[in-house]
Amino acid sequence: MQCPRTATPLTKVNVGKVAVYVSEKTGGVFLTNQTLALFESGEEARGQALARHLSQFHHPLPSIDARVNCPTCSETVMLRRYYSPLHVVEIDECPGCGGIWLDTGELKKLQSLMLNAKERAMLRQHLLAEHRPVSIEGMPHLRDSQRKEFNKIDRLLDLADWLIQG
Ligand SMILES: [Zn+2]
């Protein structure tokens, strides 16, 4: 497997039993399908370990505008897309295998967008206080609206994840 930016070999590294493929030339990393979610928290040991490992190879590229080919499906051009609704971090995703290429520094940027557990808990408390559901026995339609209220709070929390850390 090769670095899509420099065509140098990628080094397989196991981080918390998850295999990732690191470009030691640039500090970029290839994550196979579904594994990005395991590293996107800078609060958790696995995310910290990968960010720390990549930082020792940190060599920003003059330009990352050029499209890259997927390291595993070499014929497939990866799609550059925004990872968050706030359009802060762009990532390269393979339409074939779902793998994700992060250029140097992009993992840290992603991690800085995530609320930590304590901030989420505080925000949840705050939102629950503002949207306190009413529960009356024997009136199921109220329980329905209560459920909707909780769904709304979850949606607000998701939104707040992106809004609070710009
Ligand atoms: Zn692929």
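Buried means under 20% relative accessible area, so Arg80, with a relative accessible area of 15%, is buried. The legends below describe close-up views of a predicted model.

**Figure 1. Overall fold of the protein chain, a predicted model.** The secondary structure of the protein chain consists of 5 helices and 6 strands. Along the sequence these elements follow the pattern β-β-β-α-α-β-β-β-α-α-α. The protein chain has 166 residues, of which 36% count as buried. Among its contacts with a separation of 6 or more, 53% are between residues 24 or more positions apart. The protein chain has an accessible surface of about 9800 Å², and carbon and sulfur atoms make up 52% of that surface.

Figure 2. Cys70 and Cys94 link distant parts of the chain, 24 residues apart. Cys70 is in the loop between α2 (45-55) and β4, whereas Cys94 is in the loop between β5 and β6 (100-102). Cys70 and Cys94 are both buried.

**Figure 3. Salt bridges of Arg80 with Glu90 and Asp92.** In the salt bridge between Arg80 and Asp92, the closest N and O atoms are 2.5 Å apart. Asp92 is buried, at a relative accessible area of 0%. Glu90 has a relative accessible area of 29% and is partly exposed.

**Figure 4. The salt bridge between Arg5 and Asp92.** The side chains of Arg5 and Asp92 meet with an N to O distance of 3.6 Å. The pair links parts of the chain that are 87 residues apart: Arg5 is in the segment before β1 (11-15), and Asp92 is in strand β5 (residues 90-93). Arg5 counts as buried because its relative accessibility is 17%, and Asp92 is buried as well, at 0%.

**Figure 5. The network of salt bridges.** Arg5, Arg80, Glu90 and Asp92 belong to a network of salt bridges that also includes Asp103 and Glu106. A search of the whole structure finds 7 salt bridges.

**Figure 6. The aromatic pair of Tyr21 and Phe30.** The structure holds 1 aromatic pair. The ring centres of Tyr21 and Phe30 are 6.5 Å apart and the ring planes stand at 50 degrees, so the pair is tilted. Tyr21 counts as buried, with 16% relative accessibility. Phe30 also counts as buried, at 0% relative accessibility.

Key. Residues numbered from 1 in each chain as written. Predicted model: local features only at pLDDT ≥ 70, side-chain atom pairs only at ≥ 80, totals over all residues. Heavy atoms only, no water. Salt bridge = Lys/Arg side-chain N within 4 Å of Asp/Glu carboxyl O. Helix = DSSP H or I, 4+ residues; strand = E, 2+ residues; numbered from the N terminus. Buried < 20%, exposed > 50% of the residue type's maximum accessible area, 1.4 Å probe, protein only. Phe/Tyr/Trp six-rings, centres within 6.5 Å; stacked < 30°, edge-to-face > 60°. Contact = heavy atoms within 4.5 Å. Areas by Shrake-Rupley, 256 points an atom, 1.4 Å probe, with all protein chains shown as cover.
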